[in-house]
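Trainee: I am new to this one. Please take me through the terms used for it.

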Amino acid sequence: MQHLDPESLSLLALGEELGDDAAEHLRSCAGCAAEYASLRRAVVAAKPGPDTAALESPGPQVWAGIHSALGLSPPSPPTRWDPRRRPAPHQPLRRHQNSRRPGP
Ligand SMILES: [Zn+2]
């Protein structure tokens, strides 16, 4: 029996119906079943869903480690955030202030 080609396995992993022949082969062939299972895992992992929400959010020590690894200043603790002390959060970037504007 001919094995399923990678494209068919990918489609099956994505939930496509490829007919009874493909399904039957998948049930009877350990090699294709293993390939399908690994592709299926990748599809499930990449798909946003309830599993993603169950992931733990990184703690402050993780961010501190990232900042330290990148050579950035340590992140401020979230308790110091007070929107009233920062009245202009939507201030436009000043990066292009000095760039020449194209004339009409
Ligand atoms: Zn096979």
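Mentor: Start with a definition. A nonpolar core is a set of buried Ala, Val, Leu, Ile, Met, Phe, Trp, Tyr and Cys residues joined through C-beta atoms within 7 Å. Keep in mind that this is a predicted model.

Trainee: Which residues make up the largest nonpolar core here?

Mentor: Leu4, Leu9, Leu12, Cys32 and Tyr36, five residues in total. Helices H1 and H3 each supply at least two residues of this core.

Trainee: What is Leu4 in contact with, leaving aside its neighbours within four places in sequence?

Mentor: Leu4 touches Leu9, Ala22, His25, Leu26 and Cys32. Contact here requires C-beta atoms within 7 Å.

Trainee: Why are H1 and H3 called oblique to each other?

Mentor: Take the angle. H1, residues 6–13, packs against H3, residues 30–46, at about 50°. Roughly parallel needs an angle under 35 degrees, and roughly perpendicular runs from 65 to 115. The pair is therefore oblique. The axes lie 9 Å apart, and the crossing is right-handed.

Trainee: Which residues meet where H1 and H3 pack?

Mentor: From H1, Leu9, Ser10, Leu12 and Ala13. From H3, Cys32, Glu35, Tyr36, Leu39, Arg40 and Val43. By class, that contact has seven nonpolar, one polar and two charged residues.

Trainee: Why is H5 said to lie largely in the open?

Mentor: Count its buried residues. A buried residue needs 20 or more other C-beta atoms within 10 Å of its own. H5, residues 60–70, has 11 residues and the number buried is zero, so H5 lies largely in the open.

Trainee: What follows H5?

Mentor: Gly71, with a positive phi near 75°.

Technical notes. Residues numbered from 1 in each chain as written. Predicted model: local features only at pLDDT ≥ 70, side-chain atom pairs only at ≥ 80, totals over all residues. Axes fitted to C-alpha atoms, helices over the stretch in contact; angles between N-to-C directions. Helix = DSSP H or I, 4+ residues; strand = E, 2+ residues; numbered from the N terminus. Parallel < 35°, antiparallel > 145°, perpendicular 65-115°, else oblique. Left-handed = near helix turned anticlockwise from the far one by under 90°. Contact = placed C-beta atoms within 7 Å. Nonpolar A, V, L, I, M, F, W, Y, C, P; charged D, E, K, R; others polar. Buried ≥ 20, exposed ≤ 12 C-beta atoms within 10 Å, placed from the backbone.
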